[in-house]
Amino acid sequence: GYYADRWKKLLIPKSSPTTAYFDTSDQDPFCMYNYLLDITTWNKSIRRGFIKVKITDYAGNTVESEMNSEASTFQQYKRVKILTGFYRDLDKISKISLTFSTKTLIGPKHKLRILQMRLKSLNNPER
């Protein structure tokens, strides 16, 4: 992946075997842009499911998150942090939309009532 060679100097000197996982894209430049999604909900009952994030910049370019994670549990007034990745990085974000889904989890569809949300770039923390 893009920039994976920078880890070589850190991983080789280890005396024991080391396993490293890198998120990569199947298209050039092969890198993933990681964001931390921090959500606080106010639903009275517990909700379990997946969040898909879509961000749009001022030019109208849109990118959707790619997550391979387990379902998150959302409880009233409890913060949940979710690592999410995008194949492209958008500099100036004008719009963020979230989609909550239970996917294959058994049970009726529910809404997730969000009290507070923060999306922070891990690749560019100064944003």
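Author: A salt bridge here is a side-chain nitrogen of Lys or Arg within 4 Å of a carboxyl oxygen of Asp or Glu. The model is a predicted one, and it holds 3 salt bridges.

One of them joins the side chains of D38 and R79, at 2.3 Å from N to O. This pair links distant parts of the chain, 41 residues apart: D38 is in strand β1 (residues 33-41) and R79 in strand β5 (residues 79-86). Buried means under 20% relative accessible area and exposed over 50%. D38 has 9% relative accessibility, so D38 counts as buried. R79 has a relative accessible area of 53%, so R79 is exposed.

The side chains of K52 and E64 also meet in a salt bridge, at 3.3 Å from N to O. K52 belongs to strand β2 (residues 47-57) and E64 to strand β3 (residues 62-64), so this pair ties together parts that are 12 residues apart in sequence. K52 is partly exposed, at 35% relative accessible area, and E64 is partly exposed as well, at 33%.

E64 has a salt bridge with K54 too, where the N to O distance is 3.9 Å. K54 lies in strand β2 and E64 in strand β3, so the pair ties together parts 10 residues apart in sequence. The relative accessible area of K54 is 35%, which makes K54 partly exposed.

Notes. Residues are numbered from 1 along each chain as its sequence is written. This is a predicted model: local features need pLDDT of at least 70, side-chain atom pairs count only at pLDDT 80 or more; totals for chains, interfaces and linings use all residues. Side-chain values use heavy atoms; hydrogens and water are left out. Helices (H or I, at least four residues) and strands (E, at least two) are DSSP runs, numbered from the N terminus. Buried means under 20% relative accessible area, exposed over 50%, partly exposed in between (1.4 Å probe, protein chains only).
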